[in-house]
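This report describes one protein model, one part at a time. Please look at the sequence and the 3D view before reading on.

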Amino acid sequence: RPESYAARFRESMQAVFQVTLDFALPQPCPSCREPVSEGKGLCAPCWSRLSLIEPPYCMRLGIPFAFDPGPGLLSMEAIASPPAYNRARAVARYDDVASTLVHGLKYSDRLDLSPMMGRWMARAGRELLADADALVPVPLHWRRRWARRYNQSAVLSRAISAICGVPITHGGLKRIRATPQQVGRSRTERADNVQGAFLVPPDHKVEVAGRRLVLVDDVLTSGATVDACTRALLRAGAAQVDVLVFARVVAPARSPI
């Protein structure tokens, strides 16, 4: 049909234009802003400085071990203070490169970073996503969302969902109390700060009850926020809650078990 020939011609011209544009104006590295010669993503120096979290790691918390202690072993943190969630996974340690990407998405309207970050998160959390029923973005209070104009956790959830096909439940979890920023607070203060801040609305419990959920956020620091979210989801009848983040804070020195 003439329409199909025209459509293919437009697609071909768009592809040629994109290749020409990429050649003439290479994409900048989202971390250091230096041109990236091939494709989109981090430049080689920034990629080498991104501290990816790969096995071996604690099967519960997802924090890396210094060496492989054997399958199924837990970290001392997981044994001493088990979290409310089942498992947590992260792409990378929260270092300089990872923090640049997170801050760019969160505070600088760099929504163009979400496909790349979501792709890495889908890879890091593939075992969580394999049997998940829904993704749950960590919600913002409506005042903060109005000021920021978007929820970075929801943006990442959309990118992950587009890759793995797991649907998102946007109304399943609400932040009902505006809490001060967690930055600068101790672990205990962080936990107290988010106590009672999250709730599953009664008319949305059907989206949660009996389901295996993956809670999505950008950074895991002390775990207070995702723990409070998990407890709210479990109280509403969730069968299981896992946590998937882009970066997590990891202590520089850590015993293997």
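## Trp47 and its contacts

Leaving aside residues up to four places away in sequence, Trp47 touches Leu42, Leu52 and Trp120; a contact means heavy atoms within 4.5 Å. Trp47 is found in helix H2, residues 44-49. Helices (H or I, at least four residues) and strands (E, at least two) are DSSP runs, numbered from the N terminus.

Trp47 has 41% relative accessibility, so it counts as partly exposed. Buried means under 20% relative accessible area, exposed over 50%, and partly exposed in between, with a 1.4 Å probe and protein chains only. From Trp47 to Cys29 the C-alpha distance is 9.8 Å, and the two are 18 residues apart in sequence.

## Basis of the model

This is a predicted model, in which local features need pLDDT of at least 70 and side-chain atom pairs count only at pLDDT 80 or more, while totals for chains, interfaces and linings use all residues. Residues are numbered from 1 along each chain as its sequence is written, and side-chain values use heavy atoms, with hydrogens and water left out.

## Helix H10

Nine of the 12 residues of H10 are buried, so the helix is largely enclosed by the rest of the structure. Among the buried residues are Ala224, Val226, Cys229 and Leu233. Just after H10, Gly237 has a positive phi of about 105°.

## The whole chain

The protein chain has 10 helices and six strands. Of its 257 residues, 45% are buried. Among contacts between residues at least 6 apart in sequence, 72% join residues at least 24 apart.
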